[in-house]
Amino acid sequence: MRSSIRWRQMRFNHLGRREFLTLLGGAAAWPLAARAQQSERMRRIGVLHTPAADDAEGQARNTAFLKGLSELGWTDGRNVRIDSRWGASDPDNVRKYAAEFVALAPDVILATGSATVGPLLQATRTVPIVFVGVPDPVGAGFVESLARPGGNATGFINFEYGISAKWLELLKEIAPSVRRVAVIRDPALAVGAGQFGAIQSVAPSFGVELNPVNVRDVGEIERAIAAFARDSNGGLIVTGSALAVVHRGLIVTLAARHKLPAVYFARYFVGEGGLISYGPDSIDPYRRAAGYVDRILRGEKPADLPVQAPTKYELVINLKAAKALGLDVSPTFLARADEVIE
């Protein structure tokens with residue numbers, strides 16, 4: 001009887017030690033699991049868009065950015081939280097959202113266009129910012145230089161001022177009779193003056209007279225274009241700005257109504273009925289921006305990431321618009337186009 005009790009006690013003690021060792025091993029693993037969870041903490045990205053939430057081009061850009069993040073392993077709701085705001089090109093909205101983002105203290109903010117970067121940098125000089133669609137970040141004071149940004153912002157420019165001269169060259173090539181050109185610009189932005197200046201510098205060599213048209217509101221655009229179109233041999237150049245994007249449907253409609261050959265800075269104008277565009281891909285920089293956001297989330301600093309320029313510019317022609325204007329597009333011109341919309 002005593003031997004049976006002793007045997008059960010020995011068995012209990014043996015099982016106890018084995019369970020204890022098992023528990024001890026599990027406890028040793030707890031810090032590892034905790035560290036793994038800590039390293040996979042939820043990150044936060046703010047996205048401040050210039051256009052309204054229902055803008056098709058803005059949605060396409062946002063989709064490209066989210067897809068780029070996903071391909072790099074960042075999924076909204078799983079390991080990153082993405083807070084988006086749509087400014088609708090309203091400066092008051094943009095300033096309000098910039099303040100909100102700073103209060104949220106995200107790990108990084110994606111800013112679309114000069115109109116969003118300025119208010120963000122006024123609100124914070126510590127939160128990393130990746131911008132897209134800024135033509136002159138050095139001149140605007142957003143970065144110290146393209147190669148070494150130096151602060152808390154870096155990103156992707158959409159074009160250099162020199163490209164504006166190319167717009168006038170293309171307009172004269174497709175519509176040689178043009179002698180007067182209305183240049184639509186945003187006078188509130190330094191880029192508006194910069195682009196107009198580049199066009200102005202080559203205007204004498206093309207024998208054209210320039211007329212600046214401000215793009216501040218619908219009424220101003222309608223009145224200015226209608227007045228300009230009263231005289232013959234007119235053409236139109238639309239320079240890059242957030243307001244031009246917002247009012248693009250109106251601008252394309254007015255150009256067609258008044259029979260004005262027009263050159264635009266982005267493809268989506270031509271896709272909506274415009275005549276010609278010459279500029280970089282407007283979607284690709286958002287995929288590339290996802291790469292910069294990824295690098296910042298993994299520990300790199302905006303100050304060390306150089307500002308990047310477009311690598312290719314595309315010429316797009318809408319033949320239906322050309323026909324409506326009575327323009328005969330030469331085979332040589334068509335052969336140079338990267339895309340022809342029938």
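The questions and answers below concern a predicted model of a protein chain. Residues are numbered from 1 along each chain as its sequence is written. In this predicted model, local features need pLDDT of at least 70 and side-chain atom pairs count only at pLDDT 80 or more, while totals for chains, interfaces and linings use all residues, and side-chain values use heavy atoms, with hydrogens and water left out.

User: How many helices and strands does the protein chain have?
Analyst: Helices (H or I, at least four residues) and strands (E, at least two) are taken as DSSP runs, numbered from the N terminus. Counted in that way, the protein chain has 13 helices and twelve strands.

User: What percentage of the residues in the protein chain is buried?
Analyst: Buried means under 20% relative accessible area, with exposed over 50% and partly exposed in between, for a 1.4 Å probe and protein chains only. Of the 342 residues in the protein chain, the buried share is 46%.

User: Are the helices α7 and α9 roughly parallel or roughly antiparallel to each other?
Analyst: The axes of α7 (residues 218-228) and α9 (residues 248-257) come within 11 Å and cross at roughly 15 degrees, where axes are lines fitted to C-alpha atoms, for helices over the stretch in contact, and angles run from 0 to 180 degrees between N-to-C directions. Angles under 35 degrees count as roughly parallel, over 145 as roughly antiparallel, 65 to 115 as roughly perpendicular and the rest as oblique. The helices α7 and α9 are therefore roughly parallel.

User: Is Y97 buried or exposed?
Analyst: Y97 has its place in helix α3 (residues 91-104). Leaving aside neighbours within four places in sequence, Y97 is in contact with L48, R85, W86 and G87. With a relative accessible area of 16%, Y97 is buried.

Notes: Contact = heavy atoms within 4.5 Å.
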